[in-house]
Amino acid sequence: MEFKIANKAKMLTLILMGLGALCLIIGIISDLGSHHLTQRLLVNGLTNGFYFFALALGALFFLALQYATESGWYASVKRIIEAQAGFLPYGIGLLGLVLLIITLMDGAHIYIWMDPEVVKSDPIVAGKAFYLNKIFFWVRTIAYFGVYYWYFWGFKKRSLLEDKVGGTDLHFTNYKKAAVFLVFFAVFSSTSAWDWLMSVDVHWFSTLFGWYTFAGMWCSAMVVLVLTVLYLKKLGYLPKVNENHIHDIGKWVFATSFLWSYLFFSQYMLIWYANIPEEVTYYVTRTQDFRFVYFFMFIINFAFPMLILMSRDAKRHAGILSFVGLIILAGHWLDVWIMVSAGSMGTNAHIGFIEIGMAVLIAGFFIRILLTNLSKAPLTPVNHPFLDESIHHEI
Amino acid sequence: MAEKVFYAMYDDDDILKDGAKHLVSKGVKVSEVFSPFPIHGIDPIIGLKNTRLGIMAFIYGLTGLLLATIGMRYFMVTDWPMNIGGKPNESYLDNMLAFVPITFEFTVLCAAHGMAITYMLRNKILPGMPAYNPDPRTTDDRFVIEIRTSENSKFSAEELNAMLKETGIVELDQKEI
């Protein structure tokens with residue numbers, strides 16, 4: 001069945017974008033005299049650029065995971081995962097643009113290792129210069145973007161082709177390609193998190209950081225998936241998707257929330273216990289300057305899904321899932337925001353019109369692209385080899 | 001009145017499912033099904049209620065959480081305050097992070113053991129208990145439906161017998177209790 005964007009949805013995304021832009025402009029005007037305006041805008045650009053890029057990348061990863069494990073249940077929601085991954089080019093554009101501006105401004109006090117003065121005066125930054133320098137940074141960034149886009153393009157092409165030709169050849173091609181993609185992703189998800197987010201706190205390092213970022217990305221991608229499925233179900237699309245599929249995606253939300261919390265805690269507790277000055281600075285900034293926001297973020301990302309989504313019935317209830325989902329989305333946005341702003345702006349960072357405005361603006365844009373992508377292909381794949389299994393999915 | 005129990009044996013789980021559907025549609029109450037593995041989708045057919053084991057698991061987990069918290073608070077803070085790695089335990093909350101892994105492990109321990117023991121008690125399969133199974137072949141490749149006359153007072157034993165024979169049984173056994 002073909003999906004058509006309802007006029008109401010078109011209006012709503014426009015209103016979201018308009019409201020966001022309005023908020024952003026109010027924020028900029030009221031902040032005009034401040035020295036931090038440019039930095040604040042770029043911090044938010046990086047936060048939102050990464051966050052929405054990660055929503056698409058998380059979906060792409062999830063799709064590859066299903067291909068590589070030859071799962072059956074997901075076949076009837078596959079097109080939604082693909083539509084979500086379809087934001088990838090736009091995400092690359094957004095994030096790439098922000099990174100480019102930051103690079104042209106010699107780090108803009110966000111990536112201080114890009115500033116030649118800092119490299120000269122700071123021996124720790126100088127010691128990392130073989131890895132953290134502008135040229136190598138861009139070589140890596142382009143490699144990440146290129147590989148991700150290349151695989152996204154291939155999966156999308158083969159998925160549409162499968163609708164026409166059928167058979168299992170494309171399925172096995174996807175299986176192999178997905179396995180190779182996961183190998184790339186395993187390395188790149190970690191190193192890209194170091195490059196884009198951890199290098200904000202350039203003196204600090206954590207080997208867990210990549211997984212932590214990845215878990216947050218995965219969790220928010222699952223939430224967007226379940227919200228999209230629920231929205232489409234409500235409009236009467238996806239007749240083949242039953243509550244068992246929704247239950248399964250709900251379980252993913254629950255499980256990845258736990259994965260994220262587990263990694264948050266592992267990173268936090270080890271650093272707290274060892275109490276090495278060069279490591280604890282990261283958490284001292286966050287637990288002192290951002291005390292409320294930081295722990296609030298942890299609680300809504302951990303306690304809400306744990307307590308509310310624990311029971312079987314809650315994972316099958318559209319209202320509860322949407323409520324928890326929206327809270328988790330906000331929570332993970334806060335997580336990324338704290339990662340970027342605490343390291344670069346410190347006590348000058350706070351949530352105001354600019355933060356909310358830019359997030360709402362890009363969220364509206366994201367939803368619009370997601371809906372447009374949904375309308376471009378049949379909502380249920382026609383010749384997926386596991387489609388029959390997916391239709392009879394029951395747990 | 002002596003109670004009669006019918007054991008209808010099938011050699012395929014799908015045929016058993018069809019048979020159970022057939023019997024239930026006529027108003028027969030199937031009291032039990034024996035099978036070497038869980039038969040997918042049999043629960044709603046014979047009218048089994050959803051398991052409450054999950055609720056018990058939650059309660060056991062909560063018990064473990066509380067026990068671990070109370071215990072550690074007493075051992076490490078009240079009774080003999082420990083100073084580990086330059087972190088004196090002056091209050092439980094100060095060093096809460098260090099106690100989280102143990103709390104978690106103990107919660108899982110209590111939930112898992114509690115669930116397993118409850119399951120065994122409820123199903124009367126504790127080690128050494130007599131087998132409740134009508135035929136040892138149901139642990140291998142046969143499937144058995146159990147029907148009791150006391151639960152089906154609407155039908156006579158002959159009617160039940162006839163109805164069972166309409167389904168694809170391979171053997172029919174009767175016992176009087």
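Two strands pair if DSSP finds at least two bridges between them. The views below are taken from a predicted model.

**View 1. Strand β1 of chain B beside strand β6 of chain B.** Strand β1 (residues 4–10) and strand β6 (residues 171–176) of chain B run antiparallel and are joined by six bridges. One residue pair can be picked out here: B:M9 has B:E171 of β6(B) as its bridge partner.

**View 2. Strand β1 of chain B beside strand β5 of chain B.** Six bridges also connect β1(B) with strand β5 (residues 143–148) of chain B, and the pairing is antiparallel. Opposite B:A8 stands B:I145 of β5(B).

**View 3. Packing of helices α9 and α10 of chain A.** Helix α9 spans residues 209–234 and helix α10 spans residues 243–274; their axes are 8 Å apart and meet at an angle of about 160°. Angles over 145 degrees count as roughly antiparallel, and α9(A) and α10(A) are therefore roughly antiparallel to each other. Their crossing is left-handed. On the α9(A) side, the contact is made by A:W211, A:Y212, A:A215, A:G216, A:W218, A:C219, A:M222, A:V223, A:L225, A:V226, A:V229 and A:L230. The α10(A) side contributes A:I246, A:I249, A:G250, A:W252, A:V253, A:T256, A:S257, A:L259, A:W260, A:L263, A:F264 and A:Q267. Sorted by class, the residues of this contact are 19 nonpolar and five polar, with no charged residue.

**View 4. Packing of helices α10 and α11 of chain A.** Helix α11 of chain A covers residues 277–289 and packs against α10(A) at an angle of about 125°, with 9 Å between the axes. The two helices, α10(A) and α11(A), are therefore oblique to each other. The crossing of α10(A) and α11(A) is left-handed. Residues A:Y268, A:I271, A:W272 and A:A274 of α10(A) make the contact with A:E279, A:V280 and A:Y283 of α11(A). Six nonpolar residues and one charged residue form this contact, and no polar residue takes part.

**View 5. Where chain B touches chain A.** Four residues of chain B are in contact with four residues of chain A. On the chain B side, three of the touching residues are nonpolar and one is polar, while none is charged.

Conventions
Residues are numbered from 1 along each chain as its sequence is written. Chains are lettered from A and ligands numbered from 1 in the order in which they are written. This is a predicted model: local features need pLDDT of at least 70, side-chain atom pairs count only at pLDDT 80 or more; totals for chains, interfaces and linings use all residues. Axes are lines fitted to C-alpha atoms, for helices over the stretch in contact, and angles run from 0 to 180 degrees between N-to-C directions. Helices (H or I, at least four residues) and strands (E, at least two) are DSSP runs, numbered from the N terminus. Angles under 35 degrees count as roughly parallel, over 145 as roughly antiparallel, 65 to 115 as roughly perpendicular and the rest as oblique. A crossing is left-handed if the near helix is turned anticlockwise from the far one by less than a right angle, and right-handed if clockwise. Two residues are in contact if their C-beta atoms, placed from the backbone, lie within 7 Å. Ala, Val, Leu, Ile, Met, Phe, Trp, Tyr, Cys and Pro count as nonpolar, Asp, Glu, Lys and Arg as charged, and the others, Gly among them, as polar.
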